[in-house]
Amino acid sequence: MKMVNVLLVDDEIPFLETMTKRLAKREFITASASGASEAIKLIEKNSDIEVVILDVKMPEMDGLSALKIIRQRFPLVEVIMLTGHATIESAIEGMKHGAFDYLMKPCDMDQLVSKVREAAMKKRRHDEKILEAELKKITTSRI
Amino acid sequence: MNQPRRLKEPYYKSLISKMIFIFIAVSFAPLFIVSGTILNQFSISYKEKSDAHLGELVLKHRQNIDGFLMEKLNNIRFMAKFFSIEELNKKGVLRNNLDALKTEYGSVFEDLGLINEQGIQTTYAGPFKLENARYSDSEWFIKAISNDYFISDVFLGLRGTPHFIITVRLKSDGKPWILRATINFAAFNSLVENLRIGKTGFAFILNNMGEFQSKPVFEIDHEKINSFYKLIQEGRKTKEGLFFSEMADDSGRENLYVASLIKNGDWILIYQQDKSDAFADLTHAKKMAIFIILLGGIVIIITAFFLSKWMVTRIALADREKELMNQQVIETGKLASLGELAAGIAHEINNPVAIMVEEAGWVRDIMEDEKFSNKENKDEIERALTQIKTQGKRCREITQKLLSFARKTDTSKEDVRINELIKDVIGFCAQRAKFSNVVIVSKLQENLPVMRLSHTEIQQVLLNLMSNALDSLEKRGGNITLSSALEDNEVVISVEDDGPGIPRSNLGRIFDPFFTTKPVGKGTGLGLSICYGIVKEMGGEITVRSVIDAGTTFHVRLPCTKNN
């Protein structure tokens with residue numbers, strides 16, 4: 001499988017650094033942001049980002065607001081919500097707004113890796129479908 | 001504490017006493033005021049009627065007596081006018097007149113006599129030998145000779161029997177003569193004797209000197225006689241000339257007196273009656289009224305006692321319920337405070353724990369690339385890292401439960417389709433069930449009513465029940481059946497597992513907060529307590545049925561109210 005491009009967003013810097021290193025060690029292409037605004041800028045710049053691991057509770061802009069923006073502006077990017085205070089409401093709310101899944105801190109690395117891969121696969125399937133649809137469109141127009 | 005023992009508390013004892021006092025005071029006050037007023041008015045009215053009746057009677061007898069005396073006087077005056085002295089001096093004329101009077105009035109007239117200026121009875125017709133009897137020294141003669149007519153007091157005279165005389169003064173050749181008639185005392189006395197009312201009422205006549213002019217039916221203390229005149233002076237006088245007064249006799253009995261002057265004020269007619277006899281009916285009526293008031297009073301006291309006790313029992317019961325409610329409120333407040341505290345702690349702890357776990361994970365990642373010369377040290381480090389991971393996971397579970405307990409759920413009601421909700425919950429739990437080798441089956445009744453509930457809350461209830469069922473099947477796998485049904489206007493949601501079951505000794509406590517049978521670190525004991533609170537708040541009921549080694553079923557019954 002092609003290496004997955006992941007963006008980690010969390011205001012807890014030690015957590016962010018360690019998690020980035022661990023994911024990188026598991027052959028993920030990683031990027032990190034300590035806030036929602038920074039994350040959005042990074043996604044804008046780097047169109048290869050496939051999955052965003054997004055902390056729910058952040059000081060500048062909370063995860064749910066960031067999720068809404070990401071889903072609106074980058075609908076193909078999959079988002080996994082990561083929260084230190086996971087509740088059914090915040091999870092459901094996130095799912096309602098198009099999050100791929102949610103995980104609660106401290107999370108199991110294997111579980112996280114599994115979720116990220118699933119999200120990436122989903123994203124790639126979408127990409128393929130879009131690509132196929134465009135190819136079909138081009139082929140049809142040529143015929 | 002049971003109610004009888006509770007009522008012995010000083011507060012309730014005092015309350016009972018106060019209520020009894022208030023009941024009695026409130027009931028007795030109008031009873032006494034109304035009864036007293038009516039009785040007083042009745043007494044006044046009765047006495048007025050009684051006085052009026054007595055007055056009427058005495059007045060009538062006064063007229064009778066005065067009429068009797070005047071009639072007899074007029075008879076003699078007529079005789080004096082009609083006959084000359086010469087004719088009257090003839091014995092036959094007086095005899096004929098006496099006979100005529102006796103024929104007319106019976107034995108009222110006893111005799112007739114003509115008395116000259118010297119007081120010698122010159123002519124006499126009657127049963128006694130009183131011819132030439134000398135009256136010049138008699139008191140009555142002195143008065144009779146100086147008045148045109150005269151009625152004497154009752155006296156014994158020469159004949160020695162009580163009588164009184166009526167005289168008319170005549171003149172012949174300038175010399176005065178007295179025509180005299182003797183009135184039979186018995187005939188006169190019968191006029192007074194007839195005045196009888198009740199058992200003790202009778203009348204008598206006194207002259208100015210306090211001498212009896214009639215024979216009293218009952219004996220009268222002579223010493224009292226003078227006081228009758230005082231009574232008349234001090235008593236109540238009516239415009240008809242009647243005097244009303246009261247006086248006690250030697251035995252202490254109160255007597256009622258009605259008096260009237262007769263014979264131009266020379267005599268006094270006195271009616272006497274024992275007050276208790278005069279007002280016997282009034283006394284009887286009073287006794288009856290007092291008896292009824294007493295009877296009513298006893299009924300009021302008994303009612304006040306039992307009613308107060310009953311009411312205070314109810315108050316004590318309400319107080320007890322209030323106390324329990326207050327305790328519940330305090331407990332709830334404590335739990336809420338605890339929850340808020342726990343939420344704060346959970347949130348603050350989760351992030352550092354996550355960092356610790358991740359750092360441990362990172363150490364393990366690095367270790368994979370390192371070659372350890374000492375295998376024991378490597379194993380020890382790995383064991384320590386595994387322990388950090390395990391305990392981190394444990395921390396997460398604790399904080400998750402605490403957050404779940406403390407969080408403020410969305411209680412706003414919305415239309416909830418129970419079957420769809422169950423399908424959602426199954427979806428949420430599917431992954432965990434898959435890992436635990438648990439098969440989730442749903443048996444849903446179609447066409448259930450749409451319920452008006454807090455979606456978040458009922459979802460939490462079902463998720464908690466599912467979580468417990470999954471926990472019970474975690475080790476060995478099994479089946480969970482989620483079903484819905486409509487029974488007796490209630491929607492019943494059942495969560496059934498074929499796990500190990502709950503021991504009977506624990507069944508009664510499973511809804512208590514912080515009660516858990518899970519291993520240390522696995523459960524907080526809050527899940528079912530939260531479920532219980534939510535379902536109760538919805539007006540529903542949550543029950544459990546469990547058989548060891550056969551499984552456990554939770555039933556959530558939600559009423560289909562008007563709102564639903």
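Two residues are in contact if their C-beta atoms, placed from the backbone, lie within 7 Å. By that rule, residues 24 or more positions apart account for 60% of the contacts in chain A with a separation of 6 or more. In chain B the corresponding share is 62%. The structure is a predicted model, in which local features need pLDDT of at least 70 and side-chain atom pairs count only at pLDDT 80 or more, while totals for chains, interfaces and linings use all residues. Residues are numbered from 1 along each chain as its sequence is written, and chains are lettered from A and ligands numbered from 1 in the order in which they are written.

Consider chain A. Helices (H or I, at least four residues) and strands (E, at least two) are DSSP runs, numbered from the N terminus. Chain A has 5 helices and 5 strands, and along the sequence they follow the pattern β-α-β-α-β-α-β-α-β-α. A residue is called buried if 20 or more other C-beta atoms lie within 10 Å of its own, exposed if 12 or fewer, and partly exposed in between, again with C-beta atoms placed from the backbone. Of the 143 residues in chain A, 41% are buried.

One helix pair in chain A can be followed in detail. Helix H2 (residues 36–45) and helix H3 (residues 63–73) of chain A have axes that come within 10 Å and cross at roughly 15 degrees. Axes here are lines fitted to C-alpha atoms, for helices over the stretch in contact, and angles run from 0 to 180 degrees between N-to-C directions. H2(A) and H3(A) are therefore roughly parallel to each other; angles under 35 degrees count as roughly parallel, over 145 as roughly antiparallel, 65 to 115 as roughly perpendicular and the rest as oblique. The crossing of H2(A) with H3(A) is right-handed. A crossing is left-handed if the near helix is turned anticlockwise from the far one by less than a right angle, and right-handed if clockwise. On the H2(A) side the contact is made by A:Ala36, A:Ala39, A:Ile40 and A:Ile43, and on the H3(A) side by A:Ser65, A:Ala66, A:Ile69 and A:Ile70. By class, this contact of H2(A) with H3(A) has 7 nonpolar, 1 polar and no charged residues. Ala, Val, Leu, Ile, Met, Phe, Trp, Tyr, Cys and Pro count as nonpolar, Asp, Glu, Lys and Arg as charged, and the others, Gly among them, as polar.

Now turn to chain B. Its secondary structure comes to 14 helices and 17 strands, and 28% of its 564 residues are buried.

Two strand groups in chain B form sheets. Strands of a sheet pair through backbone hydrogen bonds, either parallel or antiparallel. Two strands are taken as paired if DSSP finds at least two bridges between them. One open sheet has 5 strands in the order E6-E10-E9-E8-E7 (chain B), with antiparallel pairing. Strand E6 (202–207) and strand E7 (236–237) of chain B stand at the edges with a single partner strand each, so one side of each is left without a neighbour in the sheet. E6(B) pairs with strand E10 (residues 267–274) of chain B over 6 bridges, and B:Ala203 has B:Tyr271 as its bridge partner in E10(B). Helix H2 (residues 10–82) of chain B packs on this sheet, and its direction makes about 35 degrees with that of E9(B).

The other open sheet has 5 strands in the order E12-E14-E15-E17-E16 (chain B), and its pairing is mixed. Its edge strands are strand E12 (438–444) and strand E16 (541–547) of chain B. Strand E15 (residues 490–497) and strand E17 (residues 551–559) of chain B run antiparallel and are joined by 8 bridges. In E17(B), B:Thr553 is the bridge partner of B:Glu496, and B:Val556 stands opposite B:Ile493. E16(B) and E17(B) also run antiparallel, with 7 bridges. These two strands form a hairpin with 3 residues between them, and B:Asp549 in the turn has a positive phi of about 65 degrees.

Finally, helix H12 (residues 455–473) of chain B packs against H14(B) at an angle of about 145 degrees, with the axes 9 Å apart. H12(B) passes H14(B) in a left-handed crossing. The residues of this contact of H12(B) with H14(B) divide into 7 nonpolar, 5 polar and 1 charged. Helix H14 (residues 527–537) of chain B has buried residues including B:Leu528, B:Ile530 and B:Ile534. Just after H14(B), B:Gly539 takes a positive phi of about 80 degrees.
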